[in-house]
Amino acid sequence: MIIRTLLNGTLSSAEKLSIIVPQLIAVLIILFVILPLHELAHGWVAYKFGDRTAKNAGRLTFNPLVSIDPLGALIILLVGFGWARPVPVNLNNFRHPRVGMAVTAAAGPFSNFLAALIGAFIYVGVNVGIGSSTVANHFAMQMLSAFIIINISLAVFNLLPIPPLDGSKIVASFLPQKGMEVFYRYQHFFIIFLYVLLFTGALSGPLSYVQNACANGILWIAELPFRLAGAL
């Protein structure tokens with residue numbers, strides 16, 4: 001996201017700065033608030049399904065220092081999606097292992113979609129109530145827009161069925177036992193494949209399409225109460 005703005009040759013330095021600053025603030029909120037929430041969601045759901053691993057490791061916390069992965073954070077800063085340090089989970093402790101694994105994995109992306117929806121409600125509310133005519137309001141709208149987009153990007157990215165992302169655990173929960181064993185036995189190769197896709201930009205097109213569809217859906221939900229109230 002930020003790197004795309006920096007590389008945009010049609011913008012002046014002042015225009016780039018006016019875009020990058022609200023984006024940077026949104027990224028910092030993501031790193032220090034939303035990523036801990038994402039990992040806390042994993043750990044809390046795992047705890048509810050009978051696994052105390054995250055709790056015993058001190059990971060049921062909003063402390064960002066235990067959640068931030070330096071490389072994942074850098075990628076979020078540059079392109080708008082990435083990852084945090086995963087919460088330890090032991091599926092052997094789940095009362096219902098397959099269901100527990102699927103729901104625990106889905107909890108993280110769900111928290112990002114929920115954060116995006118809350119951001120969208122605020123965005124629409126600010127737009128309806130105040131508008132974006134002043135510099136301060138325009139700045140707030142840009143920050144909220146970046147906040148929404150990054151959360152959606154994180155959710156969609158983490159739902160990819162490639163280890164170690166959350167989507168791989170959801171997919172694995174539906175595989176037969178032998179298929180699950182093979183899936184995790186070769187996960188290191190999948191991780192290399194993921195890095196190749198990331199750094200070659202092969203994921204950009206498909207991810208953008210899904211992210212745009214999700215953003216439109218979330219914005220429609222956020223606008224619905226205002227439409228029903230006649231404010232839009």
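This is a predicted model: local features need pLDDT of at least 70, side-chain atom pairs count only at pLDDT 80 or more; totals for chains, interfaces and linings use all residues.

User: Let's start with the second largest pocket. How much space lies in it?

Analyst: The second largest pocket holds about 560 Å³ of space. It is lined by 27 residues, and the closest to its centre are Pro86, Pro164, Leu165, Asp166 and Lys169.

User: Which elements give two or more residues to that lining?

Analyst: Those are α2 (13-48), α5 (97-129), α6 (135-158), α7 (166-172) and α9 (187-200).

User: And how do the lining residues divide into nonpolar, polar and charged?

Analyst: For the second largest pocket, 18 lining residues are nonpolar, five are polar and four are charged.

User: OK, switching to the inside. Which residues have the most contacts in the largest nonpolar core?

Analyst: That core has 20 residues, and the ones with the most contacts inside it are Ile152, Phe157, Leu160, Leu194, Leu198, Leu203 and Leu207. The elements giving two or more residues to this core are α5, α6, α9 and α10 (204-228). The largest share, four residues, comes from α6. Apart from this core there is another one, of 15 residues, including Ala26, Ile68, Ala73 and Ala84.

User: Let's zoom in on Leu207. Where is its place, and is Leu207 buried or exposed?

Analyst: Leu207 is in helix α10. With a relative accessible area of 4%, Leu207 falls under the 20% cut-off, so it counts as buried. Setting aside residues up to four places away in sequence, Leu207 touches Phe81, Val156, Phe157 and Leu160. Leu207 and Leu159 are 48 residues apart in sequence, and their C-alpha atoms are 11 Å apart.

User: What about Leu203, what is it in contact with?

Analyst: Beyond its neighbours within four places in sequence, Leu203 is in contact with Leu160, Leu194, Leu197 and Leu198.

User: New topic: how many aromatic pairs does the count come to?

Analyst: The count comes to one aromatic pair. The partners are Phe49 and Phe94, with ring centres 6.2 Å apart and planes at 75°, so the pair is edge-to-face.

User: Where do Phe49 and Phe94 lie?

Analyst: Phe49 is in the loop between α2 and α3 (53-56), while Phe94 is in the loop between α4 (70-79) and α5, so the pair ties together parts 45 residues apart in sequence. Phe94 is buried, at 5% relative accessible area.

User: Is Arg95 buried or exposed?

Analyst: Arg95 counts as exposed, at 55% relative accessibility. Arg95 lies in the loop between α4 and α5. Thr10 is 85 residues from Arg95 in sequence and 56 Å away in space, C-alpha to C-alpha.

User: What about Phe147, what does it touch?

Analyst: Phe147 is found in helix α6 and is buried, with 14% relative accessible area. Leaving out residues up to four places away in sequence, Phe147 touches Ala26, Ile29, Ile30, Ile34, Ala115 and Gly119. The C-alpha atoms of Phe147 and Gln23 are separated by 7.6 Å, though these residues are 124 apart along the chain.

User: Last two. Where is Ser168, and what does Ser168 touch?

Analyst: Ser168 is in helix α7, and at 1% relative accessibility it counts as buried. Past residues up to four places away in sequence, Ser168 touches Leu160, Pro161, Ile162, Pro163, Phe183 and Tyr184.

User: And Gly125, where does it lie?

Analyst: Gly125 lies in helix α5. At 24% relative accessibility, Gly125 counts as partly exposed. Gly125 and Leu165 are 40 residues apart in sequence and 33 Å apart in space, C-alpha to C-alpha.

Notes
Residues are numbered from 1 along each chain as its sequence is written. Side-chain values use heavy atoms; hydrogens and water are left out. On a 1 Å grid over the protein atoms alone, a cavity is a set of points where a 1.4 Å probe fits but cannot get out, and a pocket is an open set with protein on both sides within 12 Å along at least five of seven lines; lining residues have an atom within 4 Å of a point. Grid points are joined across faces, edges and corners, and a volume is the space filled by probe spheres set on the points. Ala, Val, Leu, Ile, Met, Phe, Trp, Tyr, Cys and Pro count as nonpolar, Asp, Glu, Lys and Arg as charged, and the others, Gly among them, as polar. A nonpolar core is a set of buried Ala, Val, Leu, Ile, Met, Phe, Trp, Tyr and Cys residues joined through side-chain atoms within 4.5 Å. Buried means under 20% relative accessible area, exposed over 50%, partly exposed in between (1.4 Å probe, protein chains only). Contact means heavy atoms within 4.5 Å. Rings of Phe, Tyr and Trp (its six-membered ring) pair if their centres lie within 6.5 Å; planes under 30 degrees apart count as stacked, over 60 as edge-to-face and the rest as tilted.
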